[in-house]
Amino acid sequence: MIMTSSKAGLLLAAIVVSCLGAYAQASDIFNGRDVYDLHCQTCHGMDGQSLEPGVPDFSRGESLYVPDVELVQRLKNGGGHLPSYRGLLTDEELRDVIAYIRTLQR
């Protein structure tokens, strides 16, 4: 079976996350991809490259250089073009999405 680069990247990211040790809170990048496809892809693009002006480009990763807890709060609160996901997605789902979008950096 031949693995595509995106699947290989997801597998590698899953291995890295699993090796981080007891202090890291494991996230499910595969669930994160499903949530991303449903809620984020419209504005941020299939591969994280933003499709609209002023929308963060996850393939560059610049907007991801902050702790997960801060990103979770941004997603919960929304702002600007970003809708609030408070009550729509759980903290676990938000952490899964964050873990997934970090795999999109080039």
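**A tour from cavity to core**

Begin by selecting Val 35, Cys 40, Leu 75, Tyr 85, Leu 89, Leu 94 and Val 97, which line the largest cavity. This is a predicted model, in which local features need pLDDT of at least 70 and side-chain atom pairs count only at pLDDT 80 or more, while totals for chains, interfaces and linings use all residues. Residues are numbered from 1 along each chain as its sequence is written, and side-chain values use heavy atoms, with hydrogens and water left out.

On a 1 Å grid over the protein atoms alone, a cavity is a set of points where a 1.4 Å probe fits but cannot get out; a pocket is an open set with protein on both sides within 12 Å along at least five of seven lines, and lining residues have an atom within 4 Å of a point. The largest cavity holds about 30 Å³ of space, and its lining comprises seven nonpolar, no polar and no charged residues.

Next, select His 44, Pro 56, Phe 58, Leu 75 and Leu 82, which lie nearest the centre of the largest pocket, among its 22 lining residues. Helices H3 (41-44), H4 (68-77) and H5 (91-102) each give two or more residues to that lining. The pocket has a volume of about 440 Å³.

Finally, display Tyr 36, Phe 58, Leu 94, Ile 101 and Leu 104, the residues with the most contacts inside the largest nonpolar core, which has 16 residues. Such a core joins buried nonpolar residues (Ala, Val, Leu, Ile, Met, Phe, Trp, Tyr and Cys) through side-chain atoms within 4.5 Å, buried meaning under 20% relative accessible area with a 1.4 Å probe, protein chains only. H5 provides the largest share of this core, five residues.

Notes:
Points joined across faces, edges and corners; volume = space filled by probe spheres on them. Helix = DSSP H or I, 4+ residues; strand = E, 2+ residues; numbered from the N terminus. Nonpolar A, V, L, I, M, F, W, Y, C, P; charged D, E, K, R; others polar. Buried < 20%, exposed > 50% of the residue type's maximum accessible area, 1.4 Å probe, protein only.
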